[in-house]
Amino acid sequence: MASTSISKAERSYIQAGLLASPARRTDGRTVTDFRSISLETGVAPLANGSARLSIGQNPHNGSGGTEVVAAAKLEVETVEEEDGTGDGRIVCSVSCSPSAYPNLSTGALDDLQHDLTTVLHQTLSDRSLHPSNLVILPGKKSWLLNLDILVLADSGNIYDALFMAARAALWDTKVPRTRSVEYKAKRNEPIAKNTSGGSGDMDVDQDTTSGFDTRKIISNAIDFELPDYWDEGEVLDGRDRWPVCVTLNLVPPVHYLDALPLEEASTPVRLLLVFSFPSSAPPTLQAMRMLGAGEVNVAELKSLVTEGEKYAKEMMTAITFKLKEEDVRRNQKAREKFAKR
Amino acid sequence: MVEITIRKRSQTEAVITQRKFFKKTARGKVVKVLRERYLRDDVGCGIEGCRECASSDEELLPVNGDLTHQSYPNGHYILPDTNVFLSQMDLLESDRFRSPMILLQTVLEEVRHRSLPLYNRLKALTKSEDKRIWTFYNEYRSETAIVREEDETPNDRNDRGIRIATAWYNTHISLTRPPIRGQTKNAPPTVVLMTEDAANRQKAEQAGISCISVRKYVEGMKDASQLLDLLSATGSDDVEPTRASGRQVLYPEYLSSATLMAGVKAGELHQGHFNPNPYNYLEGTVSVPAFSKPILLAGRENMNRAVQGDIVVVELFNEKEWKAPTDEVVDQEATLKNDDAEDSAEEGDENGEDVIAKESRVLRSAQVPVSERQPTGRIVGVIKRNWRAYVCHIDSTSLTSTLTTSLSTQTVFATPVSRLLPRIRLRTRQAPSLLNQKILVTIDRWDTTSRYPEGHFVRSLGKVESKEAEQESLLLEYEVPYRPFGKAILDCLPPEGDSWVVPSKGGGDNHNVWRDREDLRDVIVCSIDPPGCQDIDDALHAKLLPNGNVEAGVHIADVSHFVLPDNPMDSEAAARGTTVYLVDNRIDMLPSLLGTNLCSLRPYVERLAFSTIWELTPNADIVDVRFTKSVIQSKAAFTYEEAQIRKDDPHLQDELTKSIRLLNSLAVKLKAKRMTAGALNLASPEVKIHLDSAESSEPIDVEQKELRETNSLVEEFMLLANVSVARKIDESFPQTAVLRRHLPPPKTNFEKLQDILRKTRGLTLDVSSSGALAASLDKCIDPSEPAFNTLVRIMATRCMLSAEYFCSGSVGRDTFGHYGLASDIYTHFTSPIRRYADVLVHRQLAAAIGFSPLHASLHSKSHVEKVLDVVNRRHRMAQMASRASVEFYVGLALKGRGEASKARGEGEVREEAFVIRTFRNGVGVFVSKLGIEGLVTFTRDIQFDADNYTVTVPGSASAGSKEDAKISVFDKVVVQIEVEKDKNTQRGKVKMTLIEPVDSRAL
């Protein structure tokens, strides 16, 4: 990222520090150390899921560091004709606060936002990660999930921050429960006499369809209702699948994690590896991207991916633990506190 | 430096401080709504003298609660659950129910969510002065606020909140009343949770909260027997739990409302108003936009608990199952005579089976295929109930004990006065004393297991056939607002009252009454009205102009001068819509000071008027028309008869008589023009009731209204004025002009009449246009029977649609026309004292001539539409009410006449009548002399020829002739008319029997 300009002398000094054994970084971290990450969910009460994440913020006064806010908002969408979006869509967008990049012109800022949006959107809207519960009425209505991330401050490692915040916000997202309302005409049937209890005309999403059945199933459901409007809803399906990103900053032959802006400026190539760790399946590499002018050969790449998976796993464990803690804090503990008042 | 403290609560407390919920908007979007909640410690308990809670000057609950209930000798307050308000509002509204009540915010909100009308009644209840209700905002008091647990349904959460609030109240009361040394400690009053929900009661008991069901509570009250009747039927189930089990389901369940909406949207289901068939209680129809013919619903099960006027959703059957409406008269009372009120809901009792068998017989016979099939279906749901209070009689046979001293609860049938309604089952302790009374009954519910709707007794109107009871029941039945005008309304009248006069021109005119008013006091104006008319709203004048043309003027009472837009009097008039004329009474739209005095264009006094003045050629073509507010002084008030005599008297040559003659000559030409344009000469049976004297108001006799030339004179000029005004206001306010139209009737409406005429008389009716119809109606003459033409006209009129008010911007310009009058545009301008639409038209016309600015509400299309909807409905109801009133008096007159003729030894009243309809087991007849319709049913088999509209009564010795008698539509018959009271319900009923050509008394 060309956001920070740097002199040749500075660059060679930083590179020399990284190549030394043991590596010397300006803030004294080792090559695989992350700065401290803080994470909070539910920061935007009107969103369906939200999170605020910062990397390397000063714990005492909250200054410095990279800071992003992510919010997921669900919107009812009428499915247009046959364009294959019948089961909901995810649209991501990243916007950068100009104060995060004071030295970028408006045009450059737009470009940056666009780059970040593209990476995030292409990765998260992939079919392999698609949550199954975005459908309201099959083929008629579905949820459109808008995931908006705002970059408030960037002091390095923005991609990792973006993906982590996205994961946290999506983890936090709850989909309002809906019930499809449908009227099935019962043709050629004698009128049910003395039907007791609810007659079978009401169909509440109970259809189980065989996988062999390739016919187009035409549902008569026209509308839906909210059975319980006080309820936040159920969690977005596949919350454990949402990936994390690890940026490997390559200063051949070594690589390091969580670069500071100056370090980023003096690193020729960066490799983004996005891993998903589904609970019941082996980890998958969801995306891979090279940033910068340098080059990496295939053999090196292979070992880097293996290394990256290891880092990503650690990161995932930490973030998932924190997210679960947040869930408890916001619900159970808050209730207990209320009861103890 | 000022220190700034940030009061915003941290996000970590969100669970407590925020209330979140989702809302689905009308457009189908889902919106998340967030409400901030601040919990306080100073939400008052509302009990007088509570030392903790600051008492405001509002009405507080008494210190010791209510001491009269036998279960709570230490005093108590009741804290009702939501379901109490949802089902027992009548009880809580009763004057006798005076227990102090604590209304929780949770309950209030739940009621609002469940039913808006009930919520509004509840709000009114809390404001009423004789109730002691304290609204406690429990969701905002920190001790009673609760947070929804995980997996807790909203209902459970609310129930829990209500229980916690009850518990808090009880501890609060005991804490704030510590024992005082030296005094014996009185137990503090209890707060009792009142709920119909057994599960909630159980939980409350476990938590040590005292609770009670409504029925139990009322049983312990002082006025238990009266109050118990007000209990809605909902509560009866848990009192006798054994009854609820094993009931036979008689009707299919309704689908959920969301399903119904989905079905209607998808076009699979059809929505419309339910109209029962007045001749056959087992049949009804629903008109839907999808079909030109209404959907037929045959049989109880397919009508599925719909009551007249409900908005229902219908599912169609396959086309091969479509049926034609029955041609048989099926009387509910006759068929269900032996049905027992106690048992009718029970499982498999003999009686029930009997009824089912009987009904299915009726239905089977109805399945005979006839060429005229119409869409048939069944009701699968009800969108909106149209239940109101109905005027009923108690069916005496349904009583198990008729001893007036008996106070045991009985289940009895109440038969509504209207034939369109099913019998209502109700439980009452006062049954014996309610016999022979007209009573008001509300329907509470209609379960799938109950053949009849269940209701409760509201109040008694008085003895059957007493004038007061009959009149009030009539007004209630047609929903005519008849309460006296309130103070706010009377305050809108001029403060001078009776002594108000038009101020003298010039100096004395403080209120600028004369501004822009023409002085027409010298013009020779007169009014012509029916005899005894008090609200004279029109007057006329005519004079020859020097150029040979005629100046004619119509002067209408300037009501809009007194009724200003948007004040209480205006809103009341808008709600009443029209004055209702009953035979012996008039329910005014405006306070009588205006209607019969200040606005009435009485002779010899100065009155404000709104004048329409034409210059007409001697051929009655309009040269010019102008509108102006004016001051007139009528020179005479004639009755039609007086005016006629004056006009015909050749000796009278004064100005007044001349102007009447001038008006008459113009009216004749105007009428001729209208007729050439294709106006219809319609007929409706109109009769006049002679009243003995004002006090006794015993009807002496009935006669048909006489029409004179002068009736037509007034009518023609009113039509002319209405048309001229309509053009003017439509021109000035093309979007919001108040107009009146009469849509051309669909051709299919006439099919049956055309067929009857062709088959029985060989006559044809051309319905292609109003002109063609008028011409062919003129040809429908039977030389031997002059009344035949009138009869055909009456029947043709019934095929037409009714005229309606509309807002010019709401419908297409091509539908503005008035079919009956053959005018392209029309409105009502000439009777503002008795019709609200005319008041609106006056305002618009005043604005159109620049007299005054138009009130903003009359610029709003939606507002005008809303007002006109009400006016249209009121208008319809008013017509039906006056008709019913005439019918009642005709009945009384008949009774009197019958008694008189019996006294003379001449037997029953006999009248000539025309057959207007034939049924499988009877004929419908119209007695033109009395203006009433009746039904003659034959108990013996007769031959019915549906295609030729004839019935053939086989001859027999008992009927007086051996020959078969063939009776077809339009035949003249002689009927014997008697008024008989139904033995069981005391409902008066006109009974007709055929005398000629066959005597049906023996049949």
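The buried residues of helix α4 (105-114) of chain B are covered by elements that include β3 (76-80), α2 (82-87), β4 (101-104), α5 (116-127), β5 (133-136) and α6 (154-176) of chain B. Contact here means heavy atoms within 4.5 Å. Helices (H or I, at least four residues) and strands (E, at least two) are DSSP runs, numbered from the N terminus. This is a predicted model, in which local features need pLDDT of at least 70 and side-chain atom pairs count only at pLDDT 80 or more, while totals for chains, interfaces and linings use all residues. Residues are numbered from 1 along each chain as its sequence is written, chains are lettered from A and ligands numbered from 1 in the order in which they are written, and side-chain values use heavy atoms, with hydrogens and water left out.

**Buried segments of chain B**

- In α4(B), the buried residues are B:Q105, B:T106, B:V107, B:L108, B:E110 and B:V111; buried means under 20% relative accessible area, exposed over 50%, and partly exposed in between (1.4 Å probe, protein chains only).
- Strand β10 (residues 295-298) of chain B points B:I295 and B:L297 one way and B:L296 and B:A298 the other way, and all are buried.
- β10(B) runs antiparallel to strand β9 (residues 283-286) of chain B, and four bridges join them; strands pair if DSSP finds at least two bridges between them.
- In this pairing, B:I295 of β10(B) has B:V286 opposite.

**Cis peptide bonds in chain A**

- A:S21 and A:P22 are joined by a cis peptide bond with omega of about -5 degrees, and A:P22 is in the loop between α1 (8-19) and β1 (37-41) of chain A.
- Another cis bond runs from A:P252 to A:P253, with omega near 5 degrees; A:P253 is in the loop between β11 (244-251) and β12 (254-256) of chain A.

- A:N157 has phi near 60 degrees, lies in the loop between β6 (141-153) and α3 (158-172) of chain A, and is buried at a relative accessible area of 3%.
- B:N436 has phi near 65 degrees, lies in the loop between α16 (431-434) and β16 (437-445) of chain B, and is partly exposed at 31%.

**Confidence**

- Chain B has a mean pLDDT of 81, with 86% of its residues at 70 or more; pLDDT is the predictor's confidence in each residue, from 0 to 100.
- Over residues 235-246 of chain B the pLDDT is below 50, and this stretch has 14 contacts beyond near neighbours in sequence.
- Where pLDDT is low, predicted coordinates should not be read in detail.
- For the complex, the predictor gives an ipTM of 0.75 and a pTM of 0.62.
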